[in-house]
Amino acid sequence: MKERTCLECGEPLKGRADKKFCDDACRNSYNNRQNSDANNYVRNVHYVLRKNRRILEELNPEGTTKAHRSKLAEKGFDFDYHTSMYTTKAGATYLFCYEYGYLPIEGDMMVLVKKKEYEN
């Protein structure tokens with residue numbers, strides 16, 4: 001029978017047949033490495049999306065409001081990144097960063113919204 005070893009450090013395992021790690025430190029180290037964003041691109045995109053969400057949340061505390069495009073840009077909003085799009089029956093396309101979204105309207109104005117299912 002093949003000897004079982006810790007997935008992190010390679011030390012022989014003793015105890016339960018389904019044991020994968022020798023201790024909590026190895027289990028944590030292994031899982032942290034598996035779950036880290038090894039790719040800088042993914043990490044950077046995630047950072048931009050979180051920043052965009054924070055800006056929309058800050059400018060829209062009531063759930064629906066209007067703001068000028070320059071106000072978002074001044075705070076560092078990146079209009080190239082969003083998590084989803086929603087097109088209404090009337091053909092208006094909202095762009096969302098998680099639960100906060102915006103709709104470009106006349107001029108450089110934006111309607112800022114928050115998805116209803118996320119409101120408390």
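User: Which pattern does the protein follow when read along the sequence?

Analyst: In this predicted model, the secondary structure comes to three helices and five strands. Read along the sequence, these elements give the pattern α-α-β-α-β-β-β-β.

User: Is the protein spread out or a compact globule, judged by its radius of gyration?

Analyst: The C-alpha atoms fill a box of roughly 70 × 30 × 25 Å along the principal axes, and 26% of the 120 residues count as buried. For 120 residues the globule rule gives 14 Å, and the protein lies well over that value, so it is more spread out than a compact globule, with a radius of gyration of 23 Å.

User: How are the rings of Y94 and F96 arranged, stacked, edge-to-face or tilted?

Analyst: By the rule that ring centres lie within 6.5 Å, the count comes to five aromatic pairs. The centres of Y94 and F96 are 6.4 Å apart, and their planes stand at 35°. Planes under 30 degrees apart would count as stacked and those over 60 as edge-to-face, so the pair of Y94 and F96 is tilted.

User: Is F96 buried or exposed?

Analyst: Buried means under 20% relative accessible area, and Y94, at 18%, counts as buried. F96 has a relative accessible area of 5%, so F96 is buried.

User: Which residue has its charged end over the ring of F79?

Analyst: F79 forms one aromatic cluster with F77 and Y102. Over the face of F96 lies K115, at 4.7 Å from the ring centre, whereas the charged end found over the ring of F79, 3.9 Å from its centre, is that of R69.

Definitions and conventions: Residues are numbered from 1 along each chain as its sequence is written. This is a predicted model: local features need pLDDT of at least 70, side-chain atom pairs count only at pLDDT 80 or more; totals for chains, interfaces and linings use all residues. Side-chain values use heavy atoms; hydrogens and water are left out. Rings of Phe, Tyr and Trp (its six-membered ring) pair if their centres lie within 6.5 Å; planes under 30 degrees apart count as stacked, over 60 as edge-to-face and the rest as tilted. Buried means under 20% relative accessible area, exposed over 50%, partly exposed in between (1.4 Å probe, protein chains only). A charge sits over a ring if NZ of Lys or CZ of Arg is within 6 Å of the ring centre and within 35 degrees of the ring normal. Helices (H or I, at least four residues) and strands (E, at least two) are DSSP runs, numbered from the N terminus. The radius of gyration is taken over C-alpha atoms; the globule rule is 2.2 Å times the number of residues to the power 0.38.
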